[in-house]
Amino acid sequence: MTLKKVGQMNIEVKVGVLARKLGKDFKDEGFIPLQPGTYKISGPEEHGYLAVIVSAEVTGYIHVDKLEEFVKKDLVVIR
């Protein structure tokens, strides 16, 4: 599976996972827990990360490789 050129899609988190909280210039600012539920992935990958819309105010980021790992472990389903 390749997720490098993703536009918009949804992911269903089956078991809670962690997304990165990134600031400007993709500076690491910790983690954001993603509780079970459905989230929108917005835009193409940038610097290896996909933007996960958590709420109107909060965006988390999952590295493409990490998302593929979550899918293989059946923690996340791509919709």
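A nonpolar core is a set of buried Ala, Val, Leu, Ile, Met, Phe, Trp, Tyr and Cys residues joined through side-chain atoms within 4.5 Å; buried means under 20% relative accessible area, exposed over 50% and partly exposed in between (1.4 Å probe, protein chains only). The model is predicted, with local features needing pLDDT of at least 70 and side-chain atom pairs pLDDT 80 or more, while totals for chains, interfaces and linings use all residues. Residues are numbered from 1 along each chain as its sequence is written, and side-chain values use heavy atoms, without hydrogens and water.

The largest nonpolar core has 15 residues, of which Ile11, Val13, Leu34, Ile62, Leu67 and Val76 touch the most other members. Elements giving two or more residues to this core include strand 1 and helix 1 (64–72). Helices (H or I, at least four residues) and strands (E, at least two) are DSSP runs, numbered from the N terminus.

Strand 1 pairs with two strands, where pairing requires at least two DSSP bridges.

| Partner of strand 1 | Sense | Bridges | Facing residues |
|---|---|---|---|
| Strand 7 (residues 76–78) | antiparallel | 3 bridges | Glu12 and Val77 |

Val76 of strand 7 has contacts (heavy atoms within 4.5 Å) that include Ile11, Val13 and Leu67, not counting residues up to four places away in sequence.

Asp25, in the loop between strand 2 and strand 3 (28–34), has a positive phi of about 60 degrees although it is not a glycine. Asp25 is exposed, at 78% relative accessible area.
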